[in-house]
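Reader: I am new to this structure and would be grateful for a guided introduction. May we proceed by question and answer?

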Amino acid sequence: MEPQKVEGEIASRPFVIETGKLARQATGSAVVSLGKTVILATVVIANPREGCDFFPLSCDYEEKYYAAGKIKGSRFIKREGRPSDAAVLRSRMIDRPIRPLFPKGTTNDIQIIATVLSADLEVDPVATAINAASAALIVSGAPFAGPIGAVRIGLKDEKLIVNPTYEEEESGDLILTVAGTRDAITMVDAGASEISDEKMLEALELAHSEIKKICEMQLELQKKVNPQSIEVSVAEKNEEAIAAIEKIISEADLDTISGKTKNEIKTAIHALEEKLLEGLKSEIEAEKFSERELKEILNEKFEKNLRKNILEKDLRIDGRKLDEVRELKAEVGVLPRVHGSGLFNRGETQILTIATLGGPGKAQIVDTMDKDYERFYIHEYNFPPFSVGESRRRFGPGRREIGHGDLAERALLPVLPPKEKFPYTLRVVSETLACNGSSSMGSVCGSTLSLMDAGVPIIRPVSAIAMGMVTDKDSEGKFQNYKILSDIQGFEDFAGDMDFKVARTEKGITALQMDIKVKGISHEILAEALERGKKGCEEIQTAMLDALPEARKELSEYAPLIISVKIDPEKIREVIGKGGEMIQKITAECGVEIDIDDDGTVMITAPDQESGKKAKEWVERIVYIPKVDDEFDGKVVRIMDFGAFVEFLPGKDGMVHISALAPGRIEKVEDAVKMGEHIRVKVVEIDQMGRINLTRVMPDGTVVPRAPRPPRPAGGGRPPRRF
């Protein structure tokens, strides 16, 4: 294939899509450039998996440090290895809008890899990676109902920005990634500083206008390439098995699958499975049908019936109204020794979240291709198998856990107190103890409760909910009718067409995420989902505030104490000392941690008030500028023939002349003081060179008068020596 390309512009940056030059052995490949960011996306469509009951699509976003002109920070390993959390999140963003646009039942292994070849470090590459993945699919001939386009939207000074820079994102009020087809939006991912529903909808509308342009460019490239269509294997339905099942299981039987709890619903399903397997026992023994095949078809019929009841009767599987939230219960202070804890229950979903406070030095240092930064608020989400009544091998956190943790983290960031007023590092961990839908939004609520219980002065509480949707979609994913569901549970999530998660305060939205299984949804549906979510969040927040109306006034007794001291930046090196000797001495003797900012802010993290006060006084003594008549308790650190040098402040010493060591005349310095002896001294002179002369203060408070300096001879030269 001859190289082909199309060119355009997005937000005043050149936008180029090329194919046919790089990675020619892949089924499809495309290089997409936005400014100086260049991403290569490849698609390989392999053989189908026999007996596969899921779509084996994998999407990977690969960071290459060379793309940003960086060498990995690790001293021992320079090769890129395990993907960073940022790379995992970007991989998910590629997967989410692409997966629903393949034929349902596809069993071919399909792998998409987006490799960052060049990064301009101005604009986040994720939208470009999604565009590159779509372009690679479009030119491959895959049965992909695209193309899709993607953009980032920012908000600064109430002005929406297409593909904002990192600086505009960090200082703005919105970071929104949107993907969609020419006709509709298919994926949304956002973090926001309490923005209104109207502004969010305006941002989505702006994003879709840009997405349409990107899709048109891909179609133009596809026309130039004219790829041959690739047929994939789609699992065929066993019509004979379907007919056999319909003779045994009626619609009335399917209607018996209902219940308030997951266990009740599963029991009803198992009862129908037993009825089915018993009715087709001879066919199974003759290997005409397999048990697994029959159960899969029964499950499909159950899901179709669930959808039909919602669309035609407004009847949900647990009997709730379409806009009804499950039973809510919230508790705080459930664990005695931790800094803060919250237990949040919504129906059968139960989240225990624990907040831990640490000093600024406990911040996580994140090293990625794009940038290095410190993370002072960390939310981690865990999903153990027992939470859904299963037993399986345990590994590290998967993509889902990383994604859910990030979403809940974004939801709380806008309401955290500024670092200048609350310089703690916060680590919040959400343990999913039981799950029947929307544990990620439960972890938002649990995080709010645990932070308030720990005494963190958050600006406003954040609540969250997951909305669903059921449509009358056809085989191509198009639909005419739909119903939106509030607070979806597990079965509604699996059988439904949308997972719409929103977190918000009473003021506005803080996080938003949407994934759909249809070809796209309209602006009107988005508006309705936001409005329904707002009402649900208000109800949830009421239950949360019943448990704890506001953040506790005092931090937990087990939380560390942080004392802040402001010093002259020129004095920082004195606090640190030569080779770090001074600061190490303070931390060791006081049992504290010390962090110093370049602006001279010294933050002391101490286990108790006494240790913190001791370290603070030590720092203040180091940077104190002595004045004449100041008195100090000092230590003799050096003895000379003419006097003793006394360290009266950390790192500072002055000379006490032999005449000022004792009230009467002494022959030797050692007659008055010994090395290491502690004595009280008074500043009597600070010369032009900054040298400090001291005199001794006796235990009874008497100040030893220092012998006056003899006058210099009239003719110059040195004064006569004193014997």
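Predicted model: local features only at pLDDT ≥ 70, side-chain atom pairs only at ≥ 80, totals over all residues.

Reader: Which strands are the edge strands of the open sheet?

Author: Eight strands form this sheet, in the order β8-β7-β9-β10-β21-β20-β18-β19, with antiparallel pairing. An edge strand pairs on one side only, and this holds for β8 (159–162) and β19 (482–486).

Reader: Within the sheet, how many bridges join strand β20 to strand β21?

Author: Strand β20 covers residues 498–504 and strand β21 residues 509–516, and the two run antiparallel. V502 stands opposite L512 of β21. The bridges that join β20 to β21 number seven.

Reader: What angle does the direction of helix α4 make with that of β7?

Author: Helix α4 (residues 197–225) packs on the sheet, where it touches β7, β8, β9, β10, β20 and β21. Its direction and that of β7 make an angle of about 145°.

Reader: Why is the pair of F102 and F144 called tilted?

Author: The ring centres of F102 and F144 are 5.7 Å apart, and their planes stand at 40°. Planes under 30 degrees apart would count as stacked and those over 60 as edge-to-face.

Reader: Is F102 buried or exposed?

Author: The relative accessible area of F102 is 5%. Buried means under 20%, so F102 is buried.

Reader: Over which ring does the charged end of R400 sit?

Author: The charged end of R400 is 4.2 Å from the centre of the ring in question. That ring belongs to F383.

Technical notes. Residues numbered from 1 in each chain as written. Heavy atoms only, no water. Pairing = 2+ DSSP bridges. Helix = DSSP H or I, 4+ residues; strand = E, 2+ residues; numbered from the N terminus. Contact = heavy atoms within 4.5 Å. Axes fitted to C-alpha atoms, helices over the stretch in contact; angles between N-to-C directions. Phe/Tyr/Trp six-rings, centres within 6.5 Å; stacked < 30°, edge-to-face > 60°. Buried < 20%, exposed > 50% of the residue type's maximum accessible area, 1.4 Å probe, protein only. Lys NZ or Arg CZ within 6 Å of the ring centre and 35° of its normal.
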